[in-house]
Amino acid sequence: MYIFLFLDNQSNKSKMMAGADAADAPKKPLVFRLYSGVPEVVRQVLLERGWIEYNEQEHDEKDWNLYWRTTSFTEAEYENILPWQRLNHHPKTMGITRKDCLARNLKRMKGIYGSALYDFSPVAFILPNDYTKFLAEYSREMLENGGTPGYWICKPVDLSRGRGIFIFQDFTNLAYDSSVIVQKYISNPLLISGYKFDLRIYVCVKSFHPLTIYMYQEGLVRFATEKYSLNSLDNQYAHLTNTSINKFGLSYNSEKERVGSGCKWTMSKFRTYLHSLNINEMLLWQRINSIVTLTLLTIASSIPASPNCIELFGFDILIDSNFKPWLLEVNFSPALSLDCPVDVTVKKGLLHDLIDLLNYSDVDHLRESAFAQQAQKRPSYVRLQPLSLTKPVVLLLANTLKRSGKDCNLAQPICSPHSTLHNLCKANHLEINKEEHCEKLLSDTARISCVQYGKQKVTKVSKVSLTRKTHPSTSSSQKETGLACKKSPQPKKKIASQNMENVPSNKNLCMLPAINKTTHKPASFKRFSKVECIMPRSRVGDFILTFPFNEATVKASQKLTNVKAAILEVQKLLNSIVSHKACGMKRRKEDISSNCRFVGKEQNGQLLWGPKDPPLLSVMCTNNHNDSFR
Ligand code: ADP
């Protein structure tokens, strides 16, 4: 019998308990870790749910389940993440969360997919680089308007909360001392009793590979606190809707006509308002939904697969007087401070639902057994590049060999830093290219080839540790991530090199390690017969799945996202909703189902992000709404 043990060289606090029965150990609650500056409500919600806070003195440095910070994580933090751990940001999302990057990316998408589809963000120029282009556009527009210049807004690229923003008409008033974007000012916003407002839409990207987007039904409507007028461009209380600005406005506490006191409404209140005007909000929500998807698709293929990450974005949407929604910006760490009762209602609910979306069970058995036995630690960050065969892969190989009845000789490959499948097969007298075991091993190992395992030393491994630990909820978790596509029979592949370069790229996607147990009814999963994939849950609390939304989008997001195919589907969906409206919105349920390939109330409902219990589109359409939505 071979005796091996993993030694964690990052911490000497870990106690080795190889062979101990994890079930005997007392259950440890889930642990959250907060970086400084995280809003108090995050701590509050997690404590309410029975989690405990990470404490350097008490805990091993790896003994946490969720790490939350309002700033970015480092590459090393992504690389060293362990199977039971989650981070609250995906890597490399700056492509949409920095104003200049967003402008650049949307422009690129406009160039590729047409400005008709990507027409939801105001024209923008990044200065100083685009100064000449800006002047050309400024002059062109002025000529078109008979010599009157249009309205523009200037925003520093890396500031938030309205800092450094100003609106101008005369370009000689444009002054800046850092990189800024100059954007077309939407000068005809929809007003409520004369007050400008915008919508804060919360969006959770559960995963980029496969792209899985949830939009939060509740949200915030943020008002300016002084009446809108183009005669006072320098009045930020009339033109900017940031709470950080308006809470200092003189009218903040006063009862404002229809708006009330303060500067926020819940989204539900806004919907009630729209209903009171007999406005059918469904098309509006669908357009916002498409804006979110199209925006995320701009970066989808450049984000490394990081199944242990989840991210909450804040999309700022302004609606103009024609009811057209415009994307103003995407917030990296949307504000979670509780400034007023509306904040408490919306943000606490949001965080509770977000934690539900993470799908933890009360106790993380995986973490418990790992700490009890210190057997397997498998970081799960995946770079989008070929991966070399690493130690846990070798362990899995050994395990597979063992299961297949082969006597496994691991000593040589594991001790060598250059262990490879090739060597292992050789060491176990498997004939490369011919031997079936080797082929099977390749496909098994490919499935977890995402493992990057640089920092742990193997000195000994017990036979116990060779038994692959399976968390009780593995299968449900895998299904739930949408990565559990049924394996089609693998064509035989040659093992041609000492690394995994020949593994098909889709195999580099890591299965989300099972830290969680689904508590949701199987009914919330939709299995598509053709692609044999499992849909992510369509709803978690007030989070509604908005992508993927049909069979084609499931297919398009399986491997590295097929952006083109996904965009085509969004376009079709938009067209169908618009034509649906155009033909009097009287199509029957069957038509909608065949169009969207969704059957049943729940599946249709997710296309209709909006009311608490979304009606079927067909029902909604015959609801006698005065179709005053323009
Ligand atoms: P910040 O990150 O500083 O909040 P935003 O881009 O969100 O920057 O702009 C702040 C506010 O300015 C928005 O909430 C909105 O009220 C207003 N605003 C920004 N861009 C525009 C625009 N193009 N047209 C009209 N109003 C805008």
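**Helix α5 and its cover.** Contact here means heavy atoms within 4.5 Å, and buried means under 20% relative accessible area, exposed over 50%, partly exposed in between (1.4 Å probe, protein chains only). Helices (H or I, at least four residues) and strands (E, at least two) are DSSP runs, numbered from the N terminus.

Before going on, I noted that this is a predicted model, where local features need pLDDT of at least 70, side-chain atom pairs count only at pLDDT 80 or more, and totals for chains, interfaces and linings use all residues. Residues are numbered from 1 along each chain as its sequence is written, and side-chain values use heavy atoms, with hydrogens and water left out.

Which residues of α5 are buried? I found Phe134, Glu137, Tyr138 and Glu141. Seen down the axis of α5, these buried residues fall within an arc of 100°, so they line one face of the helix; the arc is that of the directions from the helix axis to the C-beta atoms. A reminder to myself: an α-helix has 3.6 residues a turn, so residues three or four places apart point the same way. On the other side of α5, I saw that Thr132 and Leu143 are exposed.

I also checked the length of α5: residues 131–144 make 14 residues, and the helix reaches 20 Å from first C-alpha to last, close to the 20 Å expected at 1.5 Å a residue. The expected span is 1.5 Å times one less than the number of residues. After α5 comes Gly146, with a positive phi near 65°.

I looked at Pro128, in the loop between β6 and α5. The peptide bond from Leu127 to Pro128 is cis, with omega near 10°. Another cis bond runs from Phe547 to Pro548, with omega near 5°; Pro548 lies in the loop between β19 (543–547) and α17 (551–556). I noted these since most residues other than glycine have a negative phi, and most peptide bonds are trans.

**Positive phi.** Asn278 has a phi near 60°, a positive value in a residue other than glycine. I found Asn278 in the loop between α8 (267–276) and α9 (282–297), partly exposed at a relative accessible area of 37%.

**The ligand.** Which of the 24 residues around the ligand come nearest? They are Lys155, Gly162, Thr241, Asn242 and Glu329; a residue counts if one of its heavy atoms lies within 4 Å. A side-chain N or O atom of Lys155 is 2.6 Å from a ligand oxygen, and one of Asn242 is 2.7 Å from a ligand oxygen. Ile186 puts a backbone N or O atom 2.9 Å from a ligand nitrogen. The protein covers 99% of the 540 Å² of accessible area that the ligand has on its own, by the Shrake-Rupley method with a 1.4 Å probe.

**Arg200.** I found Arg200 in strand β11 (residues 195–208). Is Arg200 buried or exposed? Arg200 is buried, with a relative accessible area of 6%. Its side chain lies 2.7 Å from the side chain of Asp316 in a polar contact.

**Whole chain.** Last, I counted up the protein chain: 21 helices and 19 strands, with 57% of its 630 residues buried.

Key
Polar contact = N/O pair within 3.5 Å; in protein donor to acceptor, adjacent residues only side chain to side chain.
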